[in-house]
Amino acid sequence: SPGGRTITWELTYYPVEPQPGQVSSVVMITRDVTERRVAEAAVRQSEANLRAIFESAAEGIVLLDCDGCVVSANPAAEKCHSDRFGVPLLAGSKLADLLPDGDRALLTDRLARALAGESFTAQSDYEDGAGSAVNFELTYYPVQLHSGEVSGVAILSRDVTEQKCQEAAVRQSEANLRAIFESSEDGIVLLDRHGSVVALNGALARLRDEAGVEPLVAGHLLVEHLSVQAGAVISDYLARCLTGETITVLSQRITPAGRPLTLEFTYYPVVSAPGEVAGVVIVTRDVTHRKRTEEALLQAQKLESLGVLAGGIAHDFNNLLVGILGNAGLALSEISPSSPARETLKDIQTAGQRAAELARQMLAYSGKGRFVIQQLNLNTLVEELAQLLRSSIGKGVRVAYNFAPDLPVVEADATQIRQVVMNLVVNASDSIGGGEGTISITTGSIEASAKDLAETWLAPDLPEGPYIYLDVSDTGAGMDAGTLKRIFDPFFTTKFTGRGLGLAAVLGIMRGHGGALTVASAPGEGATFRLLLPVATGATTAETAVLPATPQAPVPWRGSGRILIADDEPTVRQVTARALRLFGFEPIEVSDGQEAVEYFEAHSHEIACVLMDMTMPRMNGAEAADRIAAIRPDVPVVLMSGYSEIDAGPSFERGRIAAFVQKPYELAVLRETLRAVIEG
């Protein structure tokens with residue numbers, strides 16, 4: 001056209017015949033069909049586009065007629081059906097015949113719904129030719145003519161097998177996380193970025209209930225459940241955590257039931273994407289038992305260090321006291337009964353004996369006191385102490401006894417356990433003061449678990465099993481937490497200074513017996529000390545001579561022959577040598593084990609007895625005793641030590657030691673020991 005538009009004409013020619021067979025003219029009819037041709041081209045393009053979409057669609061598309069026969073199927077549908085079921089989708093074939101038997105009725109029902117004009121999506125699960133599960137998402141569309149009549153059904157299929165597997169994996173992962181979340185013994189709460197509670201587990205609810213704190217509510221801000229001061233602190237933690245920081249803090253409180261509770265709170269950022277924090281997880285853990293165990297371990301280490309120090313001091317102190325008591329005893333035996341210096345010497349001897357008692361307390365505190373182990377019934381032991389206990393407490397104090405019948409025996413040193421009971425009863429009486437009160441002594445047996453033992457003094461590593469307990473309870477003033485932490489420190493007292501090693505020695509004696517001790521007290525509620533001793537497993541017999549700790553009346557006995565004295569302390573050697581001469585012996589002094597062995601090798605036939613210190617330079621007493629026994633097995637060896645026989649004995653083989661004398665010893669004890677080993 002003049003305007004540049006393409007115009008399409010449709011020309012129709014008609015012949016004009018006035019007479020049959022005679023054409024006189026031609027009629028041409030011209031029609032502008034431009035719009036129709038444009039519309040037809042558009043329809044063809046649309047059909048091409050739809051065909052391209054149909055052919056290239058990733059989802060399978062199948063067209064069915066009203067009888068369920070395949071009209072057409074795109075390549076995706078053909079490939080999927082062929083791969084999954086091993087048969088092609090041929091035009092004209094009935095779709096139901098191409099499916100497994102069990103799915104035909106389902107297909108018939110769905111086609112009926114679509115032919116009725118319903119569009120819907122359904123899931124279908126099949127087994128492919130290899131027996132693997134396959135999952136399809138099928139969408140059914142009715143194919144409607146312009147008249148509204150349904151001429152067939154279009155099925156859009158999508159293979160969602162991988163998606164289903166991923167969804168199942170996600171569900172399993174969520175189930176696992178939920179199981180962990182709910183079964184965790186730690187309390188867990190999830191907060192969003194605003195501090196609102198998203199979720200919390202049962203453990204947290206139980207912890208808050210035990211602590212007497214109101215429960216958290218999902219959807220509420222965490223700070224709504226806190227005081228203003230605590231809310232400000234927690235808000236700061238949350239703000240820091242939202243920047244990616246992990247924070248751990250401890251909190252201590254007392255439950256409504258009166259139990260100390262130590263909680264550990266750890267704040268973790270919830271990272272949803274690199275550099276993006278979506279919220280905060282707070283993990284709450286009850287670390288009461290762990291903190292108590294750590295404190296017990298630290299206390300045990302402190303006591304062990306102090307015990308080593310006390311034992312070392314007591315050992316050296318005992319060596320010095322040998323000289324003091326030995327020289328005092330020798331002087332008293334040599335001086336005239338009418339000499340005015342005799343009273344002074346007796347005062348020196350008395351002071352030395354008191355110093356020796358202090359050394360024994362230090363050894364008891366260190367757990368290295370002198371024990372004479374035997375099987376004891378605690379009921380009987382306390383009954384025998386009843387009169388002494390009565391005279392050691394205040395006039396207004398009553399003692400109540402609660403003994404368990406048929407109490408099993410323990411293996412212990414009766415003297416040491418009596419000292420423990422006396423110390424605890426006197427301590428209880430001091431707590432009651434000058435007024436009226438009651439001290440209760442209770443015995444019984446328990447099956448102690450690891451948790452029970454972990455809460456005692458000194459005993460986090462004791463074995464589980466049957467134990468005998470002895471409780472000493474009072475109605476006195478009680479103690480606060482600060483006092484409880486220090487009551488077993490040496491020389492600590494809430495009374496006046498100079499009280500000594502009373503409770504500290506109790507702790508050392510229990511350590512030496514493989515036992516444990518607990519203390520429960522609060523201001524105004526009195527105190528209860530519980531001793532735990534393991535039940536005896538069998539009878540114990542002494543294999544070395546146990547000599548009396550107090551001097552006996554002088555015996556008119558004198559010996560003869562040479563006695564070898566091996567000790568690195570000159571004072572001990574000199575005093576012992578003077579005492580031996582007084583007893584009729586010829587002393588030979590050497591300063592260490594090596595020198596003792598060398599002298600014995602040269603003069604073994606002349607030696608009647610060997611007095612051997614345990615700790616010496618160059619060669620200790622154990623090695624020297626072995627060497628001497630190898631030369632002459634019948635010579636009696638007497639062990640001398642500032643430590644106890646229990647502590648010193650394991651260094652020597654049984655049978656090598658004829659007797660044991662603990663320093664500081666008095667002359668009568670040394671003489672009776674020599675008489676016992678030399679005369680058999």
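These notebook entries follow what I looked up in the structure above.

**Ground rules**

I worked on a predicted model, where local features need pLDDT of at least 70, side-chain atom pairs count only at pLDDT 80 or more, and totals for chains, interfaces and linings use all residues. Residues are numbered from 1 along each chain as its sequence is written, and side-chain values use heavy atoms, with hydrogens and water left out.

I took helices (H or I, at least four residues) and strands (E, at least two) as DSSP runs, numbered from the N terminus. I called a residue buried under 20% relative accessible area, exposed over 50%, and partly exposed in between (1.4 Å probe, protein chains only).

**Entry: the pairing around β16**

I counted two strands as paired if DSSP finds at least two bridges between them. Strand β14 (residues 397–402) runs parallel to strand β16 (residues 437–448), with 6 bridges. β16 also pairs with strand β17 (residues 465–474), in the antiparallel sense, over 10 bridges.

I then picked out single bridges. Ser440 in β16 is the bridge partner of Ala400. Ser445 has Ile468 in β17 as its bridge partner.

I stayed with Ala400, which sits in strand β14. Its relative accessible area is 15%, so Ala400 is buried.

**Entry: helix α3**

Does the length of α3 fit its residue count, or depart from it? I took the expected span as 1.5 Å times one less than the number of residues. Helix α3 (residues 104–115) has 12 residues and should span 16 Å; its end C-alpha atoms are 16 Å apart, which agrees.

Next I asked which residues of α3 are buried. They are Leu107, Arg110, Leu111 and Ala114. Seen down the axis, the buried residues of α3 fall within an arc of 105° (taken from the directions from the helix axis to the C-beta atoms), so they line one face. An α-helix has 3.6 residues a turn, so residues three or four places apart point the same way. Ala105 and Thr108 are exposed, on the face of α3 turned away from the buried side.

I also checked both flanks of the helix. Just after α3, Gly117 takes a positive phi of about 100°. Leu98 lies in the loop between α2 (75–85) and α3. Leu98 counts as buried because its relative accessibility is 17%. The C-alpha atoms of Leu98 and Val87 are separated by 7.1 Å, and the two residues are 11 apart along the chain.

Most residues other than glycine have a negative phi. Asp406 is not a glycine, yet has a positive phi of about 55°. Asp406 is in the loop between β14 and β15 (410–413). At 79% relative accessibility, Asp406 is exposed.

Arg618, also not a glycine, has a positive phi of about 65°. The loop between β22 (607–613) and α16 (621–631) holds Arg618. Arg618 is exposed at a relative accessible area of 63%.

**Entry: nonpolar patch**

Which strand gives the most to the nonpolar patch? β1 does, with 3 residues. Both β1 (9–16) and β2 (25–32) supply at least two residues each. Val23 is in the loop between these strands.
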